[in-house]
Amino acid sequence: MSKQRPKILAISSGGGHWVQLLRLRPAFEGGDVLFATTRPGYESDLDQGERFTVIPDATRWSKIGLVKSALSILLLLLRERPDVVITTGAAPGYFAIRMARIIGSKTVWVDSVANVEELSMSGRKAGPHVDLWLTQWSHLAVESGPQFHGSVV
């Protein structure tokens with residue numbers, strides 16, 4: 001009997017969140033990975049054959065945008081049924097983490113390296129709901145989470 005490759009949804013918003021997510025790619029080796037982000041042009045950052053999809057972007061200042069993004073992510077999760085959801089953040093990652101738990105996926109939040117003084121707002125909100133909560137700054141790690149195991153810079 002052959003063992004199936006784990007299905008991984010790697011999701012983030014654009015900019016630095018996307019760059020950091022891509023730096024985690026070696027950790028996904030052996031998995032069936034779907035990359036999801038907010039900008040179609042980011043597909044060119046991936047190798048031939050890597051799976052990619054676009055989700056609507058949203059910020060906390062656009063309630064309608066947040067609803068559209070959340071619904072799109074929910075449909076993506078229901079269609080893909082990933083074993084693991086990993087994100088480097090912002091709104092799309094938060095929605096994915098919260099909804100992934102409902103369908104039984106394991107979840108990983110890697111807080112942004114840009115948040116040197118304190119955890120990101122999305123990270124603070126998502127942290128209590130993830131299986132593994134990581135920070136990239138040792139001084140932000142606490143026993144109740146997040147943990148520090150290095151950075152992806």
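R5, R25, F28, E29, G30, G31, D32, V33, F35, G49, E50 and R51 line the second largest pocket of this protein. A pocket here is an open set of points on a 1 Å grid over the protein atoms alone, where a 1.4 Å probe fits, with protein on both sides within 12 Å along at least five of seven lines; lining residues have an atom within 4 Å of a point. The model is predicted: local features need pLDDT of at least 70, side-chain atom pairs count only at pLDDT 80 or more, and totals for chains, interfaces and linings use all residues. Residues are numbered from 1 along each chain as its sequence is written, and side-chain values use heavy atoms, leaving out hydrogens and water.

Strand β2 (residues 32-37) gives the largest share of that lining, 3 residues. Strands (E, at least two residues) and helices (H or I, at least four) are DSSP runs, numbered from the N terminus.

Now meet the largest pocket. Its lining has 19 residues, and R60, A90, A91, M121 and S122 are the closest to its centre. Helices α3 (91-102) and α4 (121-126) each supply at least two lining residues.

Finally, look at the aromatic rings. The whole structure holds 5 aromatic pairs, meaning rings of Phe, Tyr or Trp (its six-membered ring) with centres within 6.5 Å. Ring pairs link W18, F28, F35, Y42 and F52 into a cluster. F28 and F35 also belong to the lining of the second largest pocket.

Note on methods:
Phe/Tyr/Trp six-rings, centres within 6.5 Å; stacked < 30°, edge-to-face > 60°.
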